[in-house]
Structure formats: structure tokens, C-alpha cells
Amino acid sequence: FHSLPAFREFGRQMLVKEFVAYKKRTLAMVNQTPEQRYLNLIESNKDVFQYANLSQIASYLGISVRTLNRIRQNFLA
């Protein structure tokens, strides 16, 4: 890792990218409502609902499965 400058730069860029994503997600947990987080997830990762089950999605959003179901029903109505 340290002997190849190009690889070191690639690793640094990946680390910075993931840190920024983590920071945005953490701030969203504090500053956004569950409904806003749900909408952001739909806009950014529509395919997640095909590959992840509802308990995983609810955990990612920081809410219960029951709350996720209520939010989904409100958006479908």
C-alpha cells in the first residue's frame, strides 16, 4: 500500500469518499425525519427494495419495521 504512490492515492480517495458518505448519513439521522430519509433512499437507491428485506432497510433508516410500513402506506395512499 505504501510502496505504490498511485495505489496510496486511490486508497486515500476511497477513504475520503466513504467518510463524506458516513458524515452525510449521520447528519441525516439527526436532521431529517424518517419520511425524508425514506424519500432520499428511494431517490438515491431505488434498487435497494429489490435486494434488501424490510428489516434491513428499516435498520439502515434508523427506524422500526412498523414505522417503515406506516411510512410506505402513507406514500402509497
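The radius of gyration here is taken over C-alpha atoms, and the globule rule used for comparison is 2.2 Å times the number of residues to the power 0.38. With that in hand, let us walk through this predicted model. For 77 residues, a compact globule would have a radius of gyration near 11 Å, but the protein chain has 17 Å. The box that its C-alpha atoms fill, taken along the principal axes, is roughly 55 × 25 × 20 Å.

What is the chain built from? The protein chain holds five helices and zero strands, and reading along the sequence gives the pattern α-α-α-α-α.

Now let us turn to one pair of these helices. Two packed helices are described by the angle between their axes and the distance between the axes. For helix H2 (residues 34–44) and helix H4 (residues 54–61), the axes come within 10 Å and cross at roughly 115°. The crossing in which H2 passes H4 is right-handed. On the H2 side, the residues involved are Arg37, Tyr38 and Leu41, and they meet Ile57, Tyr60 and Leu61 in H4. Sorted by class, this contact of H2 with H4 has five nonpolar residues, one charged residue and no polar ones.

From contacts we can move on to empty space. Rolling a probe the size of a water molecule over the atoms shows where such space is left. The largest pocket has a volume of about 250 Å³. It is lined by 13 residues, and the closest to its centre are Arg25, Ala28, Arg37, Asn40 and Tyr60. Helix H1 (5–31), H2 and H4 are the elements that give two or more residues to this lining. Which of them gives the most to the lining? That is H1, with five residues. By class, the lining of the largest pocket divides into six nonpolar, four polar and three charged residues.

Two residues tie these views together. Arg37 and Tyr60 take part in the meeting of H2 with H4, and both are also among the residues closest to the centre of the largest pocket.

Key. Residues are numbered from 1 along each chain as its sequence is written. This is a predicted model: local features need pLDDT of at least 70, side-chain atom pairs count only at pLDDT 80 or more; totals for chains, interfaces and linings use all residues. Side-chain values use heavy atoms; hydrogens and water are left out. Axes are lines fitted to C-alpha atoms, for helices over the stretch in contact, and angles run from 0 to 180 degrees between N-to-C directions. Helices (H or I, at least four residues) and strands (E, at least two) are DSSP runs, numbered from the N terminus. A crossing is left-handed if the near helix is turned anticlockwise from the far one by less than a right angle, and right-handed if clockwise. Contact means heavy atoms within 4.5 Å. Ala, Val, Leu, Ile, Met, Phe, Trp, Tyr, Cys and Pro count as nonpolar, Asp, Glu, Lys and Arg as charged, and the others, Gly among them, as polar. On a 1 Å grid over the protein atoms alone, a cavity is a set of points where a 1.4 Å probe fits but cannot get out, and a pocket is an open set with protein on both sides within 12 Å along at least five of seven lines; lining residues have an atom within 4 Å of a point. Grid points are joined across faces, edges and corners, and a volume is the space filled by probe spheres set on the points.
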